[in-house]
Amino acid sequence: MRIGELAGIVGVTTRAVRHYHRTGLLPEPPRQPNGYREYALRDAIELARIRRLVELGLSLDEVKDVLADDAGKDLVEILTELDADLARQEEAIRQRRARLARLFEQAERTGRLPEEAPVSPELAAVFDDMARASAQVPGPEPAMAAKERQLLALLETGSPGGDRGWFDGLVHAFRADPAAMRRAYDVYARMDELAEAAEDDPRVELTARAIVDSIPDEALRAMRLSADGAEEGGDGFSDAFFSDFTPAQAAAVHRAIELLTERAG
């Protein structure tokens, strides 16, 4: 049998057969005087078994381990590991589909998804509250509100399993106290007003104090603030965070952190 006939019988490509030869998975028969390889029934049987194992989801290295043990005693162990891996994949798929279902439900309920989607159900609920609060504010939504949503989505994504007690406290406060959202939108409007202001503008101090008043105690207790008034964390992130503000806006946030440090004791 030539390589094309072998591949056709087993239902694989000749390219796959040659790859199995190169990786040592399928022994390569010696070439005949005419230069062609001549395959026997045994080669077809071995190739068919390789195909069945690959279709089960085994990697080529795992298939090689199975074939190396003629008694097949390693196969049960490998298949057990494969089954466990498939179970993990099934659970991951189930969770992803559940998350998609929540997004579909949110889109149907609100008529749209926020630009920051997908986010957790908890943060999505906060964004819904923000949309309702924005609808009650005259004029267009403050630009700082959109920036806040982007930042919250970033912080949630960047610390899915880390220390995020302050973040959870902030989200909980927004959801539990309707007044908290109103205070937040007051801060957003004040920050927008500082976009063209100088750093020594009197509104900087007023905005800083408004920021402090908008931070609930629950979130403040979970924050880690250093003695110099800067929030602990990577300097690179802090630099990028403050560079996204105008000078007066950055001054207001810096001053708010100083006041929050004093408030935290």
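Leaving aside neighbours within four places in sequence, which residues is valine 119 in contact with?

1. Valine 119. The residues are Arg99, Ala124, Phe127, Ala153 and Glu156, where contact means heavy atoms within 4.5 Å. Valine 119 sits in the loop between α5 (73-110) and α6 (121-135). Its relative accessibility is 8%, so it counts as buried; buried means under 20% relative accessible area, exposed over 50% and partly exposed in between, with a 1.4 Å probe and protein chains only. Arginine 99 is 20 residues from valine 119 in sequence, and their C-alpha atoms are 9.2 Å apart.

2. Basis of the values. This is a predicted model, in which local features need pLDDT of at least 70 and side-chain atom pairs count only at pLDDT 80 or more, while totals for chains, interfaces and linings use all residues. Residues are numbered from 1 along each chain as its sequence is written, and side-chain values use heavy atoms, with hydrogens and water left out.

3. The chain overall. The secondary structure consists of 13 helices and zero strands; helices (H or I, at least four residues) and strands (E, at least two) are DSSP runs numbered from the N terminus. Of 265 residues, 36% count as buried. Among contacts with a separation of 6 or more, 60% come from residues 24 or more positions apart. Carbon and sulfur atoms hold 53% of the accessible surface of about 16,200 Å², computed by the Shrake-Rupley method with a 1.4 Å probe.

4. Helices α1 and α2. The axes of α1 (residues 3-10) and α2 (residues 14-22) come within 9 Å and cross at roughly 105 degrees. The axes are lines fitted to C-alpha atoms over the stretch in contact, with angles from 0 to 180 degrees between N-to-C directions. That makes α1 roughly perpendicular to α2, a term for angles of 65 to 115 degrees. Ile3, Gly4, Leu6 and Ala7 of α1 meet Thr14, Val17 and Arg18 of α2 in this contact.

5. Helix α3. The 16 residues of α3 (residues 41-56) should span 22 Å at 1.5 Å a residue, and the end C-alpha atoms are 23 Å apart, which agrees. The expected span is 1.5 Å times one less than the number of residues. Asp43, Ala44, Leu47, Ile50 and Leu53 of α3 are buried. Glycine 57 follows α3 and has a positive phi, near 110 degrees.

6. Isoleucine 257. This residue belongs to helix α13 (residues 247-264). Isoleucine 257 is buried, at a relative accessible area of 13%. Valine 212 lies 45 residues from isoleucine 257 in sequence, with 8.0 Å between their C-alpha atoms.

Technical notes: Angles under 35 degrees count as roughly parallel, over 145 as roughly antiparallel, 65 to 115 as roughly perpendicular and the rest as oblique.
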